Amino acid sequence: MGRTLATFTQLVQQEIDSWSRYRRALRREDQQALDVLFAAARHHASAGAYLARETPFEVMLLSMLIEQQKHVVTLQQKVVTLETSRHHDSTQGMAS
Amino acid sequence: MVVWLLGEDGRRIRAVDPFVPTCYLTAPPSIREHLFRLLRRASCRISTREVERYELGALRPTPVLEVSVHAPAQFSSLTQHLIRACPDAQFFHVDVSLPQRYFYDRQLFPLVHCEAALTVEGRIQSIQALESPWDTDYGFPPLTIMELSPDSSSSNPNHGGRDSLVVRMDGEERLLEGDDADMVQRLNQLLVRQDPDILLTDWGDSYLLPRLMIMADRLRMALALNRDPHRSVGTRKPHSYFSYGRILSHAGARTLSGRLHLDRHNSFALAEMGLAGLIEQARVAKVDLQQMARTTTGTGITSMQLEIACRDGLLIPYRKQEPEAFKSALELLQTDQGGLVFAPIVGYHEQVGELDFSSMYPSIMVRFNISPETVNCRCCRDEPAARVPEIGHHTCRHRQGLVPRTLAPLLDKRVRYKRLMAAATQPAARAVLDQRQTALKWLLVVSFGYLGYKNARFGRIEAHESVTAYSRDLLLQAKEVAERQGYRMLHAIVDSLWLVKPGAVKADYDRLAQAITEQTRLSIGVEGLYHWIGFLPSRVNPLMPVPNQFVGLFDHGVMKIRGIEIRRSDAPLLVKRAQAEVLRCLSEARTLVELREQIPQALEIVRTYRRYLHDGHATVEELVITKSLSKEPQAYRHQTLSMIAAQELLARGMSLQAGDTIHYIITDADAAYPPDRARAVAGLDGTWSYDVSAYDNLLLKATLVLLMPLGVTATSLNESTAGC
């Protein structure tokens with residue numbers, strides 16, 4: 001059975017293809033970052049399909065932001081942990 | 001056609017070759033009767049015949065009338081008359097200079113070593129070249145040179161009169177002084193006695209020759225500037241023209257018969273590539289030396305294309321008219337791009353390699369057969385291999401185009417010169433080879449511009465677009481090969497890439513160049529390895545990178561500098577000197593760590609310069625700012641400093657026009673009364689002072705741009721170097 005509408009994963013792939021010349025003219029490190037972003041869009045394909053909006057690129061952008069936000073939170077937590085342990089180290093250093 | 005020959009016995013011979021130039025035309029039947037009547041009435045012998053000829057890229061021949069003019073001297077006036085009288089006819093071959101057509105027809109070129117059979121009256125019965133213009137081992141012809149200059153050749157004599165003349169020949173120098181009659185008489189004696197082949201002058205076109213001719217005329221004295229007594233001196237009026245967004249002026253010309261007049265101050269070719277380069281261009285382009293010296297390089301490349309067209313029997317249209325085909329907005333967006341430019345990664349980097357495609361654009365034209373008649377040909381529309389990347393054009397796979405045929409031998413000859421240069425042991429021989437390869441480089445450089453220029457004989461915008469499309473694809477291919485091998489691309493402009501990989505040495509970069517050449521089939525080479533190179537930030541926004549603005553230290557000790565004050569003609573000398581000293585200080589470093597260690601010393605240099613400025617020691621020479629007027633001085637709407645200086649000069653009665661150069665000094669940039677802000681150098685008297693803080697600002701900006709990527713901020717630079 002064929003489908004009338006493309007699946008969201010197909011839409012992401014179409015979007016990726018439409019950016020291929022843009023991607024080609026990026027440095028390799030920037031290409032890698034772009035790939036990670038589109039991977040995030042694909043990661044939330046089921047939510048995108050469920051929403052079924054007529055401008056799917058918006059949905060993809062928001063999916064990318066979700067993954068970015070999760071990264072920021074993870075990094076913040078790491079910073080807090082590191083600062084706490086350093087503070088702990090330095091106060092111990094003074095005591096000895 | 002008058003041909004001057006230098007015999008092996010040293011005689012200079014004026015020979016005449018019975019050359020019959022032809023032109024072609026097509027005319028609607030209604031005006032043919034009128035046309036033939038005009039031809040019958042011509043004052044010289046004319047013969048006609050009906051023939052078929054091809055236009056460039058045409059599949060079917062055009063029936064045309066061939067008109068042969070048996071008196072070359074009348075060819076130009078006759079054809080101009082026909083063009084005016086028959087606006088409905090189409091003309092071909094009418095506006096190619098006759099000496100060029102003579103060279104094409106007889107397979108000769110300027111200064112060729114040749115063999116000729118003459119009658120006693122000096123008529124040429126036969127003449128053949130004994131060498132090819134593509135030979136690299138030709139010698140310098142034994143021509144005698146007389147140099148002629150005003151007694152001080154340093155500045156333009158048109159801006160102030162001088163009355164004596166310096167004549168140099170065979171290492172002997174004579175100063176001609178005295179009244180006009182004396183001067184004309186003594187110069188004439190020298191010309192007759194020495195009979196030089198070349199008259200090499202300073203300001204001969206705009207000043208010396210016109211003045212001498214007027215003097216001789218007024219005094220009714222003989223002045224044998226020409227070797228050929230039957231001809232008068234050729235004269236062309238000065239004119240202004242617009243090129244690459246700038247207004248430039250072209251001095252007039254005085255050309256001689258039987259002798260060559262070359263003006264050092266009115267020749268792009270002489271200035272850029274010397275006499276050896278000029279001769280090289282004249283030989284391959286088949287353009288008379290006096291014209292080649294004064295014309296643009298484009299005339300040379302056009303002549304080479306015309307020769308091939310003539311040899312192929314193609315029609316050369318008078319006033320080309322070929323509009324671009326229509327394009328959609330998206331097509332325009334995709335096709336109307338130039339070469340690719342990547343923003344550099346700002347900062348200093350070590351162990352960087354630079355790779356350059358050699359003669360990228362001409363090589364693309366040859367390799368992919370790009371020419372006005374091969375782009376979007378009818379025969380190869382459906383061949384995938386003929387397709388130009390990104391854009392919808394294709395190029396012909398079956399017939400080699402006119403442009404590639406012109407460029408291929410040039411590229412090949414330049415490679416041979418470069419090889420000879422590398423093998424040359426004597427500096428003098430090397431210098432000549434360098435001038436010759438530079439001459440060819442210029443022909444190659446302009447060839448691309450003529451592919452898309454709407455007035456070019458053989459230009460077509462689609463051909464131009466195809467070249468840039470290929471160039472973008474090739475640069476990206478090069479980047480991809482480099483990145484696959486673990487290199488990081490720091491910067492790339494059109495045909496050059498700056499790459500880095502930890503631990504990579506010269507051999508690695510050579511291997512990379514080899515790999516890219518294999519993949520793209522276009523030659524790329526290692527321009528050099530840098531100990532370090534700094535890509536500098538924008539002055540306006542420190543976070544913004546600027547393409548083609550960098551300083552780098554090659555591993556052989558030479559610095560490569562682009563886009564900063566030291567390279568700019570408008571920056572004050574003091575600022576340039578400070579920048580040069582900071583750079584010299586940085587060039588002591590070999591690594592990034594050493595570069596940072598140089599910072600205190602660099603700051604000390606800035607401090608010294610600031611103190612010098614604050615103490616009021618700076619001289620006019622060190623402070624002068626040079627700007628060119630981009631429009632008529634009356635047309636400026638804002639009170640810019642150069643405009644204020646221009647107004648001051650106008651008030652002093654000097655005449656100024658767009659394109660003129662203004663020299664001024666900033667006296668008080670913030671003054672409420674605009675004339676106090678700047679002063680023209682020409683009007684400076686004893687009572688002037690400079691604006692310390694304005695120059696201090698320029699100094700700080702010029703040095704900050706070098707130091708900022710090393711962690712120095714505007715504030716820290718200002719504070720750490722303020723100690724007066």
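Which residues have the most contacts inside the largest nonpolar core? Select Phe92(B), Leu278(B), Val467(B), Leu499(B), Ala578(B), Ala645(B) and Tyr695(B), and you have them on screen, in a core of 152 residues. A nonpolar core here is a set of buried Ala, Val, Leu, Ile, Met, Phe, Trp, Tyr and Cys residues joined through C-beta atoms within 7 Å. Buried means that 20 or more other C-beta atoms lie within 10 Å of a residue's own; with 12 or fewer it is exposed, in between partly exposed, and C-beta atoms are placed from the backbone.

Before moving on, note that this is a predicted model, in which local features need pLDDT of at least 70 and side-chain atom pairs count only at pLDDT 80 or more, while totals for chains, interfaces and linings use all residues. Residues are numbered from 1 along each chain as its sequence is written, and chains are lettered from A and ligands numbered from 1 in the order in which they are written.

**Stop 1**

Helices (H or I, at least four residues) and strands (E, at least two) are DSSP runs numbered from the N terminus.

Next, centre on Leu278(B). Beyond its neighbours within four places in sequence, Leu278(B) is in contact with Ala269(B), Leu270(B), Met273(B), Leu289(B), Met292(B) and Ala293(B). Contact means that the C-beta atoms of two residues, placed from the backbone, lie within 7 Å.

**Stop 1: all of chain B**

Zoom out to chain B, which holds 21 helices and 28 strands. Its radius of gyration is 30 Å, close to the 27 Å that the globule rule gives for 724 residues, so chain B is as compact as a globular protein of that length. That radius is taken over C-alpha atoms, and the rule is 2.2 Å times the number of residues to the power 0.38. Of the 724 residues, 35% count as buried.

**Stop 2: strands of chain B**

Select residues 2-6 and 12-16 of chain B. These are strands E1(B) and E2(B), antiparallel and joined by five bridges. Leu5(B) faces Ile13(B) across the pair. Five residues lie between the two strands of this hairpin, and Gly10(B) in the turn has a positive phi of about 90°.

Then find the open sheet of five strands, ordered E6-E3-E5-E4-E18 in chain B, with mixed pairing. Strands pair if DSSP finds at least two bridges between them. Strands E6 (90-92) and E18 (314-315) each have a single partner strand, so one side of each is left without a neighbour in the sheet. In E6(B), look for Phe91(B), the bridge partner of Leu25(B).

**Stop 3: helix H19(B)**

Go to residues 641-651 of chain B, helix H19, where the buried residues include Ala645(B) and Leu649(B). The buried residues of H19(B) pack against strands E26 (625-628), E27 (661-666) and E28 (678-680) of chain B. Just after the helix, Gly653(B) has a positive phi of about 90°.

**Stop 4: chain A**

Finally, select chain A, with five helices and zero strands. Of its 96 residues, 10% are buried. Where does it meet chain B? Four residues of chain B are in contact with four residues of chain A.
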